[in-house]
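Have the model open as you read.

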Amino acid sequence: MAAALQVLRHLARAPLGPLLWGGPLARLASSMALAEQARQLFESTVGAVLPGPMLQRVLSLDPDSGELKVRDRSFQLRQNVYLVGFGKAVLGMAAAAEELLGQHLVQGVISVPKGIRAAMEHAGKQEMLLKPHSRIQVFEGAEDNLPDRDALRAALAIRQLADGLTADDLLLVLISGGGSALLPAPIPPVTLEEKQTLTKLLAARGATIQELNTIRKALSQLKGGGLAQAAYPAQVVSLILSDVVGDPVEVIASGPTVASIHSVQDCLHILNRYGLRAALPRSVKTVLARADSDPHGPHTCGHVLNVILGSNALALAEAQKQAEALGYRAVVLSTAIQGDVKSVAQFYGLLARVAGARLALPGARTSVEEDDRLCELAADLQLPDLQLKEALEAVVGAQGPVCLLAGGEPTVQLQGSGKGGRNQELALRVGAELGQWPLGTVDVLFLSGGTDGQDGPTEAAGAWVRPELSSQAAAEGLDVATFLAHNDSHPFFCRFQGGAHLLHTGLTGTNVMDAHFLFLQPQ
């Protein structure tokens, strides 16, 4: 892309350049430049939450005294540290932790996504890899972020390590997004297959991550505080890279080091909401009934220190800083984008229309109906930290291009059997929305990407779109509505303009949900 931009700029400086620059070539060059900036901004967003630097900001070890400081807490190390971890960012976290702990680390077990070591090695990310003679055993599993037999073996090895600890030991637990799928240990007689089936049914019906994790915890040996309970009486320090809106430690990876606050009744309400209670396997009913009558009551986790290492808010703060360095007026809209991608796409589409009108003609406004509709869409999404008024005021006061940033984790209600992920589907829906509004003299680009580098069961992190998407796709014989009806966003973007709109980063080694960028640039 950089080479293509160089050619276009050379043409613009040629004798015919001014003529070309005012027409289609100018718009092509502008589009490519904007797309390249969007990609660079996404990469800097991910770079802000890489596991090694995050961990080093929180942990420090005095080599003389052997005192480990975790923010404002201190622990005395005497070659008594054990380590477990699970999640998409845990390989890099473990490498950084082992480097820091040195001889104090006795043993470790981590569960990471299938293929991540090879991917990190291929990408030259040596800082994400363990040393050849590491004391940490690595299990790879949960292909396509689904629990499997390999992840189950890892979970049982983690359980075995935790069970063997004493009051003299310290257990360092590394947790990141994807941890739930990498730590499956169903309570017998529930089988892994039965738990998988139930989770898939809930996800397909639009259950939130909070609802999914509530069910997972109730059926798990290690989630909902189970790992902390297994490690007792050892001290436990849990370092968490958040991939959940609001950073609730009891929800991230289903809270293995946080006592569950949910009851069996909460689980039954969720199952009723999605019409699944009547179809539960006998084994699930048995476990829920057993938990309801547990005479010991809920477990406590007073021996645990839970620390948030990084989050979507931290990543977007870096994106805002980088966007400002590129000359944009940048505003973070929200770090809590949730809800169905259809509603989120409608919000972004109308936001581009309303903000674009203000940017094109300072003092101008869209219709009262459009302004009211935008507020209604925002209210329906129920975003606790939405800065919509501030964003629109910033657009009015901007003297140049604007970048509106947001993050979170929308959900997709499956209607078809296509292939895609929430970021590609959101981008495709936003592209369709943008094509419905006259955007005047403002260039618009929207990008949505997963910070882990993998959007659903695909090799793309996400995609970027412009208002011309639907018309350009139609010229190639591609009907956007048909692809959306089948949740087939990935094949669409693979075919559309030869895949040029896909965002490819490879596995990043981190995970703090998704990043959404809306660029508005006066022509």
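Let's start with Glu376 and Arg373, whose side chains form a salt bridge at 3.5 Å, N to O; the term covers a side-chain nitrogen of Lys or Arg within 4 Å of a carboxyl oxygen of Asp or Glu. Both residues sit in helix H15 (residues 368–381), three residues apart, about one turn of the helix. Helices here are DSSP runs (H or I, at least four residues), strands are E runs of at least two, and both are numbered from the N terminus.

Glu376 is partly exposed at 44% relative accessibility, and Arg373 is partly exposed too, at 36%. The scale runs like this: buried is under 20% relative accessible area, exposed is over 50%, and partly exposed is in between (1.4 Å probe, protein chains only).

A word on ground rules: this is a predicted model, where local features need pLDDT of at least 70, side-chain atom pairs count only at pLDDT 80 or more, and totals for chains, interfaces and linings use all residues. Residues are numbered from 1 along each chain as its sequence is written, and side-chain values use heavy atoms, with hydrogens and water left out.

## Pairs that reach further

The structure has 16 salt bridges. In one of them, Arg117 meets Glu140 at 2.7 Å, N to O. That pair ties together distant parts of the chain, 23 residues apart: Arg117 belongs to helix H6 (residues 116–122) and Glu140 to strand E6 (residues 136–141). Which of the two is tucked away? Glu140 is buried, with a relative accessible area of 19%, while Arg117 is partly exposed at 35%.

Glu193 and Arg149 also form a salt bridge, at 2.8 Å, N to O. Here the partners are 44 residues apart, with Glu193 in helix H8 (residues 192–204) and Arg149 in helix H7 (residues 149–163). Glu193 is partly exposed at 38%, as is Arg149 at 44%.

## H8 against H9

How do H8 and helix H9 (residues 209–218) pack? Their axes are 10 Å apart, at an angle of about 165°; axes are lines fitted to C-alpha atoms over the stretch in contact, and angles run from 0 to 180 degrees between N-to-C directions. The two helices are therefore roughly antiparallel, a label for angles over 145 degrees.

On the H8 side, the contact (heavy atoms within 4.5 Å) uses Lys195, Leu198, Thr199, Leu202 and Ala203, and H9 supplies Leu212, Ile215 and Arg216.

Methods. Angles under 35 degrees count as roughly parallel, over 145 as roughly antiparallel, 65 to 115 as roughly perpendicular and the rest as oblique.
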